[in-house]
Amino acid sequence: MSSPSLIPLPPSARLDWLRLIRSRRVGPVTFFRLLGEHGSAAGALEALPQIAAEAGVQDYEVFSHKAAYAEMSSGLSMGLNLLCYGDDEYPKALRDMPDPPPVLWALGNTALLNRPAIAMVGARNASSLGIRMTRFLATDLGAAGFVIVSGLARGIDAAAHSASLATGTIAVQAGGLDVVYPRENSALHDEIAQQGLRLSENPLGLTPQSRHFPQRNRIIAGLAQATLVVEGALRSGTMITAREAAEMGREVMAVPGNPMDARAAGCNALIRDGACLIRSAQDVIEALQQPETSLTLEPVQPALPLPAAEQITHQILTLLGPSAVAEDCLIRDVGLPASQITPYLTTLELEGKIQRHPGGFLALGS
């Protein structure tokens with residue numbers, strides 16, 4: 001789905017935006033859909049309880065003004081900036097991705113968001129060689145003018161941030177900006193705030209859980225021209241970040257590794273599947289200078305007649321399963337225009353019958 005229109009946000013509406021995105025079962029897709037349908041966050045907040053009631057959700061309450069004000073006050077008292085979609089300081093790279101985060105808390109030098117960036121990600125249990133390679137690449141890429149983006153995890157992330165502190169680094173956190181995670185990165189956490197930039201779409205005070213990391217990985221990929229994987233197992237958050245980058249049309253790169261080391265399996269698989277093989281910063285720079293490959297889109301299929309509401313709901317739930325599928329694929333399988341299907345998706349999401357996953361994916365609710 002395309003990104004929402006870019007409209008500067010009046011200062012008076014910022015609290016309403018925070019209330020709306022913090023309301024139960026409202027993610028970025030639903031946030032912007034409600035905004036478009038009701039004209040403003042205030043209008044969406046007023047309509048939400050009725051929408052939830054029509055979806056069978058009783059006693060639905062939006063995120064309170066008091067709670068949003070408390071979060072806003074805490075953030076400002078800590079020197080944080082609340083970046084809302086449409087603000088001049090909101091990352092331009094994220095505006096181009098589908099379903100961008102409506103709000104981001106930021107601490108540090110937001111000017112780094114205007115510079116070209118490379119995401120560097122990899123294993124938490126990184127090898128000594130992987131750590132050295134990461135530092136080598138981050139140092140040279142920083143010297144070449146790139147900001148290094150990573151996730152402030154242990155291993156490859158920490159090495160990438162440390163090596164690029166002097167030239168520019170951005171850490172995207174899965175939890176609240178005031179939560180140090182992991183604890184061993186406490187000093188790095190503070191150093192990035194002083195010399196670089198930290199970002200999070202999540203509320204202050206939130207301790208990250210497993211479900212928050214795919215959302216963080218999506219922002220990491222979205223901020224960068226390319227995602228460079230140094231080490232990573234086949235089934236890992238690192239590979240999720242690489243997949244997100246590929247789906248956004250960004251370059252995916254990988255450092256090859258020993259076939260006998262499971263930490264290299266993800267990198268080697270990415271290279272086998274077409275990722276750019278990286279040996280040095282110069283390889284990264286040369287790859288980014290190559291012309292982009294144009295995509296051939298499938299022709300639009302004519303819409304079928306609109307069936308009864310019950311049939312549409314049944315068809316959506318039948319097509320979905322525990323494994324997430326892309327929303328545009330679901331819409332194509334249903335065979336109706338997106339404008340006719342999206343209201344049903346909103347209702348089913350509020351009912352808890354379906355769940356949204358990062359990257360515009362849907363699955364049955366748990």
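Which residue just after α10 takes a positive phi? G249 does, at about 80°. The model is predicted: local features need pLDDT of at least 70, side-chain atom pairs count only at pLDDT 80 or more, and totals for chains, interfaces and linings use all residues. Residues are numbered from 1 along each chain as its sequence is written, and side-chain values use heavy atoms, with hydrogens and water left out.

Helix α10 spans residues 237-247; helices are DSSP runs of H or I with at least four residues, strands runs of E with at least two, numbered from the N terminus. Within α10, T238, M239, T241, A242, E244 and A245 are buried (under 20% relative accessible area, 1.4 Å probe, protein chains only). Their cover includes β3 (117-121), α9 (213-223), β7 (226-229), β8 (251-254) and α11 (265-272).

The largest nonpolar core holds 66 residues. Such a core is a set of buried Ala, Val, Leu, Ile, Met, Phe, Trp, Tyr and Cys residues joined through side-chain atoms within 4.5 Å. W17, L20, I170 and L223 touch the most other members. Helix α3 (residues 41-54) gives the most to this core, with 7 residues. Another core, of 21 residues, lies apart and includes I131, M133, I148 and A226. Beyond its neighbours within four places in sequence, L223 is in contact (heavy atoms within 4.5 Å) with residues including P91, L113, V149, I170 and R250.

Helices α1 (residues 14-22) and α4 (residues 65-77) pack at about 110°, their axes 9 Å apart. Axes are lines fitted to C-alpha atoms over the stretch in contact, and angles run from 0 to 180 degrees between N-to-C directions. The pair is therefore roughly perpendicular (65 to 115 degrees).

Notes. Angles under 35 degrees count as roughly parallel, over 145 as roughly antiparallel, 65 to 115 as roughly perpendicular and the rest as oblique. Buried means under 20% relative accessible area, exposed over 50%, partly exposed in between (1.4 Å probe, protein chains only).
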